[in-house]
Amino acid sequence: MTPPYRVGDELPPLEIPVTRTLIVAGAIASRDYQDVHHDAASAREKGSPDIFMNILTTNGLVGRYITDHFGPTAVLRKVAIRLGAPNYPGDVLRLTGRITELRTADRSSADTSSDEVVDAVKAIEAVVQVTGGNGIGRHVTGTVAVTFPEPSAKRTGA
């Protein structure tokens, strides 16, 4: 069977409008109450032209980008990002990705009451280089490791 992905494959881009609501909701959801993420006057007093997105929201959006692409059975194993240009309201964050590594991995699930392995599925682990830009430059760069079942893998048991 031909593998579904290859090293060098580009993921389709994802464009996310950066709204005030997204910035504020992301900060609240991640319990980041710094005023620069919700109060424009305070952000300006601190030298920013407006409120801006926090790193935890960006981290979540990068995770969403990967799991949207690889599907609902994808499991994020590692997300490592670095921020650059801020995301301000009214801009668009454009995420892109490229697969840099692929390997076979076993993914097991355990019965939480007995720690007994219930099933083991052959899985693929992919490492994806992710970048995200906006109107003023590169907002985020990083790598994400994700596992997902091989297309031919079937669950055992019930």
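Visitor: Under what cut-off does a residue count as exposed, and what relative accessible area does K46 have?
Guide: Exposed means over 50% relative accessible area, and buried means under 20%. This is a predicted model. K46 is exposed, because its relative accessible area is 54%.

Visitor: Which residue does K46 meet in a salt bridge?
Guide: K46 lies in the loop between α2 and α3, and its partner lies in the loop between α1 and α2, 11 residues apart. The side chains meet at 2.7 Å, N to O, and the partner of K46 is D35.

Visitor: Which residues of helix α1 are buried, and why do they line one face of the helix?
Guide: An α-helix has 3.6 residues a turn, so residues three or four places apart point the same way. Seen down the axis of α1, the buried residues fall within an arc of 100°, so they line one face. In α1, residues 20–29, the buried ones are I23, G26 and A27.

Visitor: Which exposed residues does the face of α1 turned away from its buried side carry, and which helix do the buried residues pack against?
Guide: The face turned away from the buried side carries T21 and A29. The buried residues of α1 pack against residues 55–70, which form α3.

Visitor: Which residue follows α1, and what is its phi?
Guide: The residue after α1 is R31. The phi of R31 is positive, near 60°.

Visitor: Which strands hold R94 and E15, and what is the N to O distance in their salt bridge?
Guide: R94 is in strand β3, residues 92–111, and E15 is in strand β1, residues 10–17. The pair links distant parts of the chain, 79 residues apart. R94 counts as partly exposed at 39% relative accessibility, while E15 counts as exposed at 51%. Their salt bridge has an N to O distance of 3.2 Å.

Visitor: How many salt bridges does the structure hold, and which residues do shared partners join into one network?
Guide: The structure holds six salt bridges. Salt bridges that share partners join three residues into one network: E101, R103 and E125.

Notes. Residues numbered from 1 in each chain as written. Predicted model: local features only at pLDDT ≥ 70, side-chain atom pairs only at ≥ 80, totals over all residues. Heavy atoms only, no water. Buried < 20%, exposed > 50% of the residue type's maximum accessible area, 1.4 Å probe, protein only. Helix = DSSP H or I, 4+ residues; strand = E, 2+ residues; numbered from the N terminus. Arc of directions from axis to C-beta. Contact = heavy atoms within 4.5 Å. Salt bridge = Lys/Arg side-chain N within 4 Å of Asp/Glu carboxyl O.
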